[in-house]
2 protein chains.
Amino acid sequence: IPEDKMLGGLLADGFNEQSCLSRYESVLYRKTSAYKPSPYLVSKLRTYEDLHKRCGPNTQSYNEAVKQLKSGRNIGTMDCKYVVWVCYSGLGNRILTLASVFLYALLTERVLLVDRGKDMAGLFCEPFPDRSWFLPLNFPMIKKFSGFDQKSRESYGHLLKNNKIRASMKSLPSYMYLHLTHDYDDYDKLFFCDDDQALLKKFYWLIVKTDNYFVPSLFLMPSFEDELNKMFPDKVTVFHHLGRYLFHPSNHVWGLITRYYKAYLSKADERLGIQVRIFDKGPGPFQYVKDQISACTIREKLLPEVDARGFNPSKNPKVKAVLMTSLVYGYYENMRDIYWEHATMTGEIIGVHSQLRKVLIQVKLFPM
Amino acid sequence: IPEDKMLGGLLADGFNEQSCLSRYESVLYRKTSAYKPSPYLVSKLRTYEDLHKRCGPNTQSYNEAVKQLKSGRNIGTMDCKYVVWVCYSGLGNRILTLASVFLYALLTERVLLVDRGKDMAGLFCEPFPDRSWFLPLNFPMIKKFSGFDQKSRESYGHLLKNNKIRASMKSLPSYMYLHLTHDYDDYDKLFFCDDDQALLKKFYWLIVKTDNYFVPSLFLMPSFEDELNKMFPDKVTVFHHLGRYLFHPSNHVWGLITRYYKAYLSKADERLGIQVRIFDKGPGPFQYVKDQISACTIREKLLPEVDARGFNPSKNPKVKAVLMTSLVYGYYENMRDIYWEHATMTGEIIGVHSQLRKVLIQVKLFPM
Ligand SMILES: Nc1nc2c(ncn2[C@@H]2O[C@H](COP(=O)(O)OP(=O)(O)O)[C@@H](O)[C@H]2O)c(=O)[nH]1
Ligand SMILES: Nc1nc2c(ncn2[C@@H]2O[C@H](COP(=O)(O)OP(=O)(O)O)[C@@H](O)[C@H]2O)c(=O)[nH]1
C-alpha cells in the first residue's frame, strides 16, 4: 500500500515539509487509518483555510476587528468573526478542547485563534497554510484571559443570569466570554441551545475557556445536526479526523518523540502503551490501582504472568516494550521491577519504559 | 566455533547445571576469550578442589582445626591449613580481593573460606564441587571480624611492631589476623616478604581483611615467582582466569542480569558500557567529569557528536544502547537527555540505560 501522506485529502497542500516533519512522517508510525474523511469535510476544511487566510492574524479584516474590540462597541458589519481558544488545563484537555472549538468554528464560520499560553507555540506546528493560527501577542485582551472564571461579569452565563443580555438589545458588548469548564452552571450551559447560538452570532469576538470535549453536545443541537452529519457520516470519527488535521508536533517535539521511539521502543517485538490517569495524586489508591493494572493486563493477555520459580529458558525470547505514563512514578517502577525480578510463564521478556521525568514536569509529551 | 562451556578446562566437572545457570551460560554473553588457561593452572585447580573437598567446612579436618582454634593454642600437626577471607568493602573490591586471597591459598596450599557478610551467599554460586566455600555460620570468630582494624592487637603488623612475635618462638597464637586494607602500615606490609611467609606458614588459621588487589605483590616475591610463572605464563591473564573460575552470579542475580540484558540491551545494534567511578560523592566535580565523559566517548568514536540543528533523517537508523553505571545518578540523566534532545551527526540513535536505582542502594550488580 503506498503511504497516503495526505490522509485522504484531509491535509492541505502547499506546506513546506521541512518546517513540520511530523505532518507527513507520523503516518509512518501509525497503523493505517481505517477511516477516510468525507468529501464534504474535506471541502469544509478547504473553505475554512481560505477564510483563515483572508481573516487571520494581521490581515486587514483582523486589524479592523481588533480595532472594534478595543472600542468596546459592537457595531457595523464586518467581514470576519472570531473565536479565541484560551490556553487552559493539561495537554490532553487542550487537545480535546481545541478540536471542539475548531469544530464550532467550522460550524459557525468563525476564525479560530489560539492563545499560545506558555508553550503551545513550541508544541504544535501551524495547521493552516499561509497564515498562523496563533493569536498575535499584541492582542489587547491576553492579560485578562487568566482572570476569566465562572464568576466573571463578562461571561455569557453571568450576563444571562443577571438579565443583562437579551436578543432584542440594541447595544451589545464587543466580545463575549464563554465559560465552558467543568464548573459551569446552568446559565453557562445555555451555550448549547439554538436560541442562544442565534444571539451569539451577533458577536464578532467569542472568547472560550473550556476543559470539556463538547463535540457530542454540538451533535445534539438541531441547528448543527445536518451539517455535522454531512461532515461526519460516521460520528465516531470526529476526533480521529480533526485530530489528524490539527495536531502536528513541532519539529523539536517530533525529534523527542521519534528519537525516544527509536532508542527505546522500536526494536522490541511488540509494543504496549499504558497510561495511568488518576485524579488523586496522594498515596491513597496506589496499591489498589497497581493491582488493577496487573490484573487487567494479565486478564486481557496483554502481558504474561510472572513465574515465581522460573528462569527464562529461551535464548532468543520475544521482547515486549511497555511504555507506561503516569504522574505517579511508582506505577512505572513497580511494573518494571516485577518483570525484572521475575521470569514470566511464557518466557517473554518485558522491558518497561517511562516518560522521562524532566518532561513530566514540563508537559506530558506522550499521549498514546 | 562450538561454545567452550568449560572455558578450556578451567571449570570443574560434576556440577548440577540448574543450581548455577550462569556458570555455563555466561559464555553465551561474552566475547570468546582470547586466553586459554595453562595446563599447570588447570592441574593446580583440580588439586585445590581435592584439598577443599578433604578439608572444607564440616569435614573431620575442619572440625579439628576449629577445635584447636577455640583452644587458643597452636600445637601439633594437622592436615589442613586455612585462610579466611573477611567480607569487606564494595562489590568490586570484594571480587578483586577474593581472587587475590584465592591465589594466595593456591600458592600456600591453604583452604579458602569465605565470610558471607550480609549478602555474599545470595550473590555468588559455589565455585568448588561438592563442598561449600562459605565459612560455617557457627565458626567461633565471626563476631570479631567487624572489629578487626589497623590497630588490632591480634594483627600481624601490630605483633611485629611490638616485638611480640618471632620465628623462634615456641608458643604461637592459634590464628593470625592479616590487615591488608588501604590504611596498612609498613609492619602490616611485611606480609609480602618471604621471611614473614615462612613464619606465617606455622599458622593453621589466617584471617585476612583487604581491599587491595594484591596479586602483583605476590609476583614480586621470590618464593612464589616460579610457581606463578608456571600457572600464568601470561601475567595479565591472572584475573581473567581466576575471575571466570570463581565468580558465577547466583541464579537470582543471573536472572536479574540476563533479563535486564534481554529487555533493554540485546536488541540494539551495538552496546557500550560506561562506569563512572568517582571517589567524591559531593557536587564538586560533576560538571568536570560530565564534560570528560562526553569528550572521551566522542574522541574515541564510541558515541557520535550531537547535531544542534539536525533531525534524524533515516527511517531505520543504527541504535546503540549505552549502559551507564554510577553512584551519581546525574551522569546517566545527563547523557540520556543529551541524546534524546538532539539528533546526532551520524544519524545514529543512542538509548541510554542505567542500573535500576533500587539495586544501586543494595549493591552494585552490574560490574562491566
Ligand atoms: N484518548 C486519550 N485521551 C487522553 C490522553 N491523555 C489525556 N487524555 C484525556 O485528557 C484528559 C486530561 O488530560 P490532561 O489535560 O493532560 O490532564 P491531566 O492528566 O489532568 O494533566 C483525560 O481526562 C483524558 O480524557 C490520551 O493519551 N489519549
Ligand atoms: N575492572 C573492573 N574493576 C572494577 C569494576 N567495578 C569496580 N571495580 C574496581 O573495584 C574498586 C572498587 O569497587 P567497589 O568496592 O565496588 O567500590 P565502590 O565503588 O567504592 O563501592 C574500584 O576501584 C575498581 O578498581 C568493574 O566493573 N570492572
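The model is a predicted one, and the count of disulfides over all its chains comes to four. A disulfide is a covalent bond between the sulfur atoms of two cysteines.

**Disulfides of chain B**

- Cys20(B) is joined to Cys125(B) by a disulfide with an S to S distance of 2.1 Å, and the torsion about this S-S bond is about 95°, so the disulfide is right-handed.
- Because Cys20(B) lies in the segment before helix H1 (21-29) of chain B and Cys125(B) in the loop between helix H5 (120-123) and helix H6 (142-145) of chain B, the pair ties together parts that are 105 residues apart in sequence.
- Cys20(B) counts as buried at 1% relative accessibility, and Cys125(B) counts as buried at 7%.
- A disulfide also forms between Cys55(B) and Cys80(B), with the sulfur atoms 2.0 Å apart, and its torsion of about -65° makes it left-handed.

**Disulfides of chain A**

- Cys55(A) and Cys80(A) form a disulfide with their sulfur atoms 2.1 Å apart, and both Cys55(A) and Cys80(A) are buried.
- With bonded cysteines counted along the chain, the disulfides of chain A follow the pattern 1-4, 2-3.

**A sheet in chain B**

- Three strands of chain B form an open sheet with parallel pairing, in the order S5-S7-S9, and the edge strands are S5 (270-276) and S9 (349-354), each of which pairs on one side only.
- The twist from one strand to the next averages 25°.
- Strand S5(B) is joined by seven bridges to strand S7 (residues 319-326) of chain B, where Val322(B) is the bridge partner of Leu272(B).

Terms used. Residues numbered from 1 in each chain as written. Chains lettered and ligands numbered in written order. Predicted model: local features only at pLDDT ≥ 70, side-chain atom pairs only at ≥ 80, totals over all residues. Heavy atoms only, no water. Pairing = 2+ DSSP bridges. Helix = DSSP H or I, 4+ residues; strand = E, 2+ residues; numbered from the N terminus. Axes fitted to C-alpha atoms, helices over the stretch in contact; angles between N-to-C directions. Disulfide = S-S within 2.5 Å. Buried < 20%, exposed > 50% of the residue type's maximum accessible area, 1.4 Å probe, protein only.
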